[in-house]
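Let's take a walk through this one together. Have the sequence and the 3D view open as you read.

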Amino acid sequence: MNEALPDLVARFRVRQGLFRKELVEAALYELDGYGCVMKTDKVFNPGDTVVLDLVMDMPFDKIRAEGLAGLVTERRKHCSNFFYSIDFVELDSSGSSSSTEKLRRIREVLSKKQSLKSRRSSGSISGFRQMA
């Protein structure tokens with residue numbers, strides 16, 4: 001969990017007083033078909049439910065999985081922020097729902113981006129060795 005996932009954020013609303021809600025963006029550090037790990041300064045407790053919109057805005061593609069209900073299962077403090085492990089609830093295991101399909105597409109694009117990034121970073125090291 002060293003780096004945030006590229007081009008992907010989680011958006012959610014937090015109540016601020018009686019009538020006001022704040023839209024918060026949080027970085028995601030892990031994502032799979034069952035849940036995610038996000039980092040934010042907002043406070044949740046294990047057992048709380050949060051509704052997330054996963055947003056992947058890129059120049060060539062914009063993918064949004066909206067209204068994913070998640071159950072906070074773990075909280076770890078890191079400086080003034082918290083890492084939260086969130087399990088998605090009510091996802092269709094057969095993959096036929098719109099949210100499940102969009103989540104699968106986000107994971108597919110992330111996998112390709114991370115694969116390209118790792119190849120690019122390992123290629124630059126070998127290039128430096130050849131120059132030396």
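Below we go from model confidence to the strands, and then to the charged pairs.

First, some ground rules: this is a predicted model, where local features need pLDDT of at least 70, side-chain atom pairs count only at pLDDT 80 or more, and totals for chains, interfaces and linings use all residues. Residues are numbered from 1 along each chain as its sequence is written, and side-chain values use heavy atoms, with hydrogens and water left out.

How confident is the predictor? pLDDT is its confidence in each residue, from 0 to 100. The protein chain has a mean pLDDT of 84, with 86% of its residues at 70 or more. Over residues 125-132, though, the pLDDT is below 50, and beyond near neighbours in sequence this stretch has 0 contacts in the model (a contact means heavy atoms within 4.5 Å).

Now for the strands. Helices (H or I, at least four residues) and strands (E, at least two) are DSSP runs, numbered from the N terminus. Two strands pair if DSSP finds at least two bridges between them. Strand E1 (residues 8-16) pairs with E2 in the antiparallel sense, over 8 bridges. One spot to look at is Phe 12, whose bridge partner in E2 is Val 24. The hairpin of E1 and E2 has 3 residues between the strands, and in it Gly 17 takes a positive phi near 90°.

Carry on to E3 and you find that E2 and E3 run antiparallel too, joined by 4 bridges. They form a hairpin with 3 residues between them, and Leu 31 has Cys 36 as its bridge partner in E3.

On to the charges. Side chains of opposite charge can pair when their charged atoms come close. A salt bridge here is a side-chain nitrogen of Lys or Arg within 4 Å of a carboxyl oxygen of Asp or Glu, and the structure holds 8 of these salt bridges.

One of them joins Glu 22 and Lys 42, with the closest N and O atoms 3.2 Å apart. This pair links distant parts of the chain, 20 residues apart: Glu 22 is in strand E2 (residues 20-31), while Lys 42 is in the loop between strand E3 (35-40) and strand E4 (49-57). Lys 42 is buried, at 18% relative accessible area, and Glu 22 is partly exposed, at 25%. Buried means under 20%, exposed over 50%, and partly exposed in between (1.4 Å probe, protein chains only).

Finally, look at helix H1 (residues 98-131), where Glu 108 and Arg 104 lie 4 residues apart, about one turn of the helix. Their salt bridge has its closest N and O atoms 2.9 Å apart. Glu 101, Arg 104, Arg 105 and Glu 108 are linked in a network of salt bridges.

Note on methods: pLDDT = per-residue confidence, 0-100.
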